[in-house]
Amino acid sequence: MAALTLGALGVVYGDIGTSPLYTMKEIFSPAMGIPLDAPHLIGAVSVIFWGLMMIVTLKYILLILRADNNGEGGIMALTALAAKAAGHNPKTRTALLLTGVLGASLFYGDSVITPAISVLSAVEGLEVVTPALKPYVLPVCMAVLVGLFAVQRYGTGLVGKLFGPVIVLWFGVLAFTGALEIAQQPGILAALNPLNAVRFLSAQGWHMFVAVGAIVLAFTGAEALYADMGHFGKRPIQWAWGGLVLPALAINYMGQGALLMRDPAALENPFYRMFAEAWLIPAVALATVATVIASQAVISGAYSMTRQAIQLGLLPRMSVLHTSAREAGQIYMPGVNWLLLAAVLVTVIGFGSSSAMAAAYGIAVTITMLITTLLTFFVIRQGWRYPLPLAIAATVTFVAVDLLLVVSCMLKFMQGGWFPLVLGVAIFTVMATWRRGRELLVDSIRHDDPELLPFVTALASDSVNRVQRTAVYAVANPDTVPQALMHNLKHNQVLHERNLILTVVFHEVPWIPFAERVQVQPLAPGFWRVQVNYGFKNTPDIPKALALCQAQGLAINLFETSYFLSREIVVPTRGSGMAHWREALFALMSRNAGSVAGFFRLPNNCVIELGTRVQI
């Protein structure tokens, strides 16, 4: 438990733990128009503290961490859980799935903004050391980011062991520097009184939304607590929050407030101004390492989210490399990695400073938090069977808080808030197009191809040449004849002695146990229908799955097995289906999708691909 708690500190809390680098500076920046005096400082810090208690502690730590999907967390796992809890109502299930897909899409916007703002805000400490270093801030930041993404292919296993201790040191430094400032200005402790938070917000009037739009930066890492639950479990995440993270954050924010009460000129960079001049360089170095760790958590989350989306049929296949022989969750996706790096570098260059980027940060995260609350209602009410008044009361309370955060962030739309939303909408469009395109493709194949059972029954009694091997025909629709089988008969005029019509089904649960992995159904002499079942966290491996067929009376010699794959070349046509531009997008994604053989771990020297053109 201690080791898991240490690991959770390193991975889960890097994002929210680096928020003190920029939050107070943004709340009291001149553009916000909030007076820099003791009542407003106490009020702002009070809102941060009670926001951490309400949003992180009450909502995520105590409630949402209970909504695990077989131990897994995150927006995709919650979506599957909510859809399952909603029962067999197809309209409700579709609405929940679309809502969850939108939340997942917005996660990618966060995956771009988090590394950019975190690393840039840390490196900006060089300006505090000496203004002469200002021209080097952007180049150093970009070099750190390129290095971070370049080492991803080696996996997080080796450096992961260092994450926990470094973040423990980071939170220790946050608490120590904050405590020193509080000792000099103990009046800031009035922030512990929630009435000061209420007074601060009510005194702002309509300007309250502008203030909350900056304060929300203190809560942006909350969604990561839930997303990483599958890696560490609920208890270690809860213990790490209550035992170290919450106290350290609270003390540091109060310390920054105390510093600004004593020295308003420190607003230039209140975080680094808490350090003596001799300790500035080590502080910048530690902050940079901490922000790299925070970024690592989001990057790893993007890999996991993408793989889950692929297996739920929302994205085309991509190359997935496993970087650890022991941890199945440690993966590297080259395509996602380099696309993310390009987007992050464009973001850094385009915005130029962490203050400019702060306007873009928050919108995607707060909408995802709102979606999480809405999905959790279905789990609480229909999954856990809590009384309806209690479920509604809890949901309405958290929705009100989430809506306050969303509306506050929306005010920053024109200053850069549009950026993560455009990213999210673009990815949502890609996901929705791929899913709908696959449905149209399967319908087209089902319409054009003959039924499987009459075909193989007639074929079994035919005198066609047979070879002493096993053929596996992978298909999307198990009820029609595989294109590859028809091509093999037409062009090679040969049939294998044993023919398996293979369908792979990804279910809306994280894991499928080995006992339920395969289902075997005899069709005709020499023909079997085999269904392989995976959860969206399982790693597909067809040869291993076929070895399990022996327990159901179908022994397969994998050394005498050939895998026949049908590769569909999609031809967009005008008319029913999707808009022509979406069909063209689907055709483009289909052409560039990763190898089926690689995705399902088929042996390269045993795969035969046969192509066919399909109109949608």
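Predicted model: local features only at pLDDT ≥ 70, side-chain atom pairs only at ≥ 80, totals over all residues.
How many bridges join β4 to β6, and in which direction do these strands run relative to each other? Nine bridges join the two strands, which run parallel.

## The six-stranded sheet

Let us begin with the layout. Six strands form an open sheet, and reading across it gives the order β5-β6-β4-β3-β7-β8. The pairing in this sheet is mixed. At the edges stand β5 (518-524) and β8 (607-615); each has a single partner strand, so one side of each is left without a neighbour in the sheet. On average, neighbouring strands are turned by 25° against each other, direction ignored.

A helix joins the picture here as well. Helix α22 (residues 452-460) packs on the sheet and touches β3, β4 (495-507), β5 and β6 (527-535). The direction of α22 makes about 55° with that of β5.

Now for some individual pairs.

## Helix α17 and its partners

Two packed helices are described by the angle between their axes and the distance between the axes. What are these values for helix α6 (residues 90-123) and helix α17 (residues 334-351)? They pack at an angle of about 55°, with their axes 9 Å apart. Because of that angle, α6 is oblique to α17. The crossing, in which α6 passes α17, is right-handed. On the α6 side, the contact is made by S111, V112, I113, P115 and A116, and on the α17 side by L340, A343, V344, T347 and V348. Sorted by class, this contact has eight nonpolar, two polar and no charged residues.

Helix α8 (residues 137-150) also meets α17: their axes come within 10 Å and cross at roughly 170°. That makes α8 roughly antiparallel to α17. From α8 the contact takes in L138, C141, M142, L145, V146, F149 and A150. From α17 it takes in N337, W338, L340, L341, V344, L345, V348 and I349. By class, the residues of this contact divide into 14 nonpolar, one polar and no charged.

## Helices α5 and α19

Another helix pair is worth a visit. Helix α5 (residues 75-85) and helix α19 (residues 363-383) pack at an angle of about 40°, and their axes are 8 Å apart. The two are therefore oblique to each other, and their crossing is left-handed.

Which residues of the two helices meet? In α5 they are I75, L78, T79, L81, A82 and A85, and in α19 they are I371, T372, L375, T376, F378, V379, Q382 and G383. Nine of the residues in the contact of α5 with α19 are nonpolar, five are polar and none is charged.

## Salt bridges

Side chains of opposite charge can pair when their charged atoms come close. How many salt bridges does a search of the whole structure find? The search finds six.

Terms used
Residues numbered from 1 in each chain as written. Heavy atoms only, no water. Axes fitted to C-alpha atoms, helices over the stretch in contact; angles between N-to-C directions. Helix = DSSP H or I, 4+ residues; strand = E, 2+ residues; numbered from the N terminus. Parallel < 35°, antiparallel > 145°, perpendicular 65-115°, else oblique. Left-handed = near helix turned anticlockwise from the far one by under 90°. Contact = heavy atoms within 4.5 Å. Nonpolar A, V, L, I, M, F, W, Y, C, P; charged D, E, K, R; others polar. Pairing = 2+ DSSP bridges. Salt bridge = Lys/Arg side-chain N within 4 Å of Asp/Glu carboxyl O.
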